[in-house]
Amino acid sequence: RTRRARKSSATNGSTGPLDEAALELLVVQLVAAPNWQTRASAAEELALLDGDGVHEALTRALRDTSVEVAIAAIDALARRQDKPSLDALRVVLDNQDGFFSPVTRVAALSALGRMSSDSELGPLVARVRDMDAEVSIAAIAVVADRKRTTAAEHLLPILQDTSGYFLPLVRLAATNALTKAGALTPQLAQQ
């Protein structure tokens, strides 16, 4: 079995490339260190490294009891920019089992928003209707940044909704995004 570092300048306090033992130590720290700071630091260091168990450890860290560690794992997976990492971030965003906090889901959505092509944004844009207001607001930000030409199509329904589903904070975020995109005309603002 072989291990290789993607980045030869990756070190663990030394001047040479990260060796197998140092890589393994980082994986163990990510999985089992007693404090969140050490686990988060290990996730950050593993972001650009390959080796046995690295991806698995980062994916497992998404479910860490500390949101700081989960977010460090999200950032590390996002930096890898490979399909398994993107898939792991989508699992966090989808939150099928209800495990992930809104803060963790926002971090995953933001990372996916930066990494996804325009044709892949549909599932992210659909999150403007998410149950978690924080996730809705993050999706609105993605629409404002990446879908300016169609912002009205995605965000006006939030302002026009009379069901009470959207919290005032979400409606304000949609209003600000529409204004930023130049899609909130005076007539629409009056409505």
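Me: Where is confidence lowest in the chain, and where is it highest?
Reply: Helix H11 (residues 186-190) has the lowest confidence, at a mean of 70, while helix H4 (residues 67-80) has the highest, at 97. The chain as a whole averages a pLDDT of 87, and 88% of the residues score at least 70.

Me: What makes residues 1-16 a stretch to treat with caution?
Reply: The pLDDT of residues 1-16 stays under 50, on a scale from 0 to 100. Where pLDDT is low, predicted coordinates should not be read in detail. The model has 31 contacts beyond four places in sequence for residues 1-16.

Me: Why is Asp-130 called buried?
Reply: Its relative accessible area is 8%, and buried means under 20%; Asp-130 therefore counts as buried. Asp-130 is placed in the loop between helix H7 (122-125) and helix H8 (133-146). Not counting residues up to four places away in sequence, Asp-130 touches Arg-105, Val-135, Ser-136 and Tyr-165.

Me: How do you know that the side chains of Asp-130 and Arg-105 make a polar contact?
Reply: The contact is given at 2.7 Å, and the cut-off for a pair of N or O atoms is within 3.5 Å.

Me: Why is the pair Phe-99 and Phe-100 called edge-to-face?
Reply: The structure holds two aromatic pairs. In the pair of Phe-99 and Phe-100, the rings are 5.3 Å apart centre to centre, with 90° between the planes. Pairing requires centres within 6.5 Å, and planes over 60 degrees apart count as edge-to-face, so both conditions hold. Tyr-165 and Phe-166 also form an edge-to-face pair, at 5.0 Å centre to centre and 90° between the planes.

Me: What makes the charged end of Arg-129 count as sitting over the ring of Tyr-165?
Reply: The charged end of Arg-129 is 5.4 Å from the centre of the ring, and the distance limit is within 6 Å. The assignment also requires a position within 35 degrees of the ring normal.

Me: Why is Ile-158 called buried?
Reply: Ile-158 counts as buried because its relative accessibility is 1%, against a limit of under 20%. Ile-158 lies in helix H9 (residues 151-160). Not counting residues up to four places away in sequence, Ile-158 touches Val-128, Ile-140, Phe-166, Val-170, Arg-171 and Ala-174.

Me: How do you know that Arg-80 and Asp-50 form a salt bridge?
Reply: Their side chains meet at 2.8 Å, N to O, and the criterion is within 4 Å. The pair links distant parts of the chain, with Arg-80 in helix H4 and Asp-50 in the loop between helix H2 (36-46) and helix H3 (54-61), 30 residues apart. Arg-80 and Asp-50 are buried. A search of the whole structure finds 11 salt bridges.

Me: What makes the salt bridge between Arg-127 and Asp-94 a tie between separate parts of the sequence?
Reply: The closest N and O atoms of Arg-127 and Asp-94 are 2.9 Å apart, which meets the limit of within 4 Å. Arg-127 lies in the loop between H7 and H8 and Asp-94 in helix H5, so the pair ties together parts that are 33 residues apart in sequence. Salt bridges that share partners join Asp-94, Arg-105, Arg-127, Asp-130 and Asp-132 into one network.

Definitions and conventions
Residues are numbered from 1 along each chain as its sequence is written. This is a predicted model: local features need pLDDT of at least 70, side-chain atom pairs count only at pLDDT 80 or more; totals for chains, interfaces and linings use all residues. Side-chain values use heavy atoms; hydrogens and water are left out. Helices (H or I, at least four residues) and strands (E, at least two) are DSSP runs, numbered from the N terminus. Buried means under 20% relative accessible area, exposed over 50%, partly exposed in between (1.4 Å probe, protein chains only). A polar contact is a pair of N or O atoms within 3.5 Å; within protein, one must be able to donate a hydrogen and the other to accept it, and residues adjacent in sequence count only if both atoms are side-chain atoms. Contact means heavy atoms within 4.5 Å. pLDDT is the predictor's confidence in each residue, from 0 to 100. Rings of Phe, Tyr and Trp (its six-membered ring) pair if their centres lie within 6.5 Å; planes under 30 degrees apart count as stacked, over 60 as edge-to-face and the rest as tilted.
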